[in-house]
Amino acid sequence: MDTLDSLGLTHMPSHTNFVMHEIRRELGVYRTRMREAGFLVGRPFPPFTGHNRLSLGLPEEMEVFSETLIGFRERGWI
């Protein structure tokens with residue numbers, strides 16, 4: 001959540017093991033880039049086609065995901 005907040009990406013409140021967060025780009029392109037980075041992105045969740053459903057993992061996995069998101073921002077991909 002801290003990384004999403006620092007990148008200015010909105011996210012929905014959650015009390016589960018996942019969070020819906022804004023991606024600001026086309027979902028198909030995002031999914032491809034995430035797959036290339038080693039992450040699997042599931043199906044779209046209409047009408048939230050500008051969002052990703054992120055399942056939370058181990059702290060180490062979430063750190064790698066955060067670093068990946070930051071890298072995506074640096075490239076203008078989110």
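This is a predicted model: local features need pLDDT of at least 70, side-chain atom pairs count only at pLDDT 80 or more; totals for chains, interfaces and linings use all residues.

User: In what order do the elements of the chain run from the N terminus on?

Analyst: Helices (H or I, at least four residues) and strands (E, at least two) are DSSP runs, numbered from the N terminus. The chain has three helices and two strands. From the N terminus on, their order is α-β-α-β-α.

User: What is the radius of gyration of the chain, and how does it stand against the globule rule?

Analyst: The radius of gyration is taken over C-alpha atoms, and the globule rule is 2.2 Å times the number of residues to the power 0.38. For 78 residues that rule gives 12 Å, and the chain is close to this value, so it is as compact as a globular protein of that length, with a radius of gyration of 11 Å.

User: What percentage of the residues in the chain is buried?

Analyst: Buried means under 20% relative accessible area, exposed means over 50%, and partly exposed lies in between, with a 1.4 Å probe and protein chains only. Among the 78 residues of the chain, the buried share is 32%.

User: Which residue of strand 2 is the bridge partner of Val19?

Analyst: Strand 1, residues 18–22, is mostly covered, since four of its five residues are buried. It runs antiparallel to strand 2, residues 51–55, and five bridges join the two; two strands pair if DSSP finds at least two bridges between them. The bridge partner of Val19 in strand 2 is Leu54.

User: Which residues does Thr68 touch, not counting residues up to four places away in sequence?

Analyst: Thr68 lies in helix 3, residues 59–74, and counts as buried because its relative accessibility is 15%. Contact means heavy atoms within 4.5 Å. With residues up to four places away in sequence left out, Thr68 touches Met34, Ala37 and Phe39.

User: Is Thr3 buried or exposed, and which residues does it touch?

Analyst: Thr3 lies in helix 1, residues 2–6. Its relative accessibility is 17%, so Thr3 counts as buried. Not counting residues up to four places away in sequence, Thr3 touches Ser66 and Ile70.

User: What is phi of Arg24 near, and where is this residue?

Analyst: Most residues other than glycine have a negative phi. Arg24 is in the loop between strand 1 and helix 2, and it counts as partly exposed because its relative accessibility is 40%. Its phi is positive, in a residue other than glycine, and is near 65 degrees.

User: What is omega near for the peptide bond from Pro46 to Pro47?

Analyst: Most peptide bonds are trans. Pro47 lies in the loop between helix 2, residues 27–36, and strand 2. The bond from Pro46 to Pro47 is cis, with omega near 10 degrees.

User: How far apart in space are Glu61 and Gly71?

Analyst: Glu61 is in helix 3, and with a relative accessible area of 43% it is partly exposed. Glu61 and Gly71 are 10 residues apart in sequence, and in space, C-alpha to C-alpha, they are apart by 15 Å.

Key: Residues are numbered from 1 along each chain as its sequence is written. Side-chain values use heavy atoms; hydrogens and water are left out.
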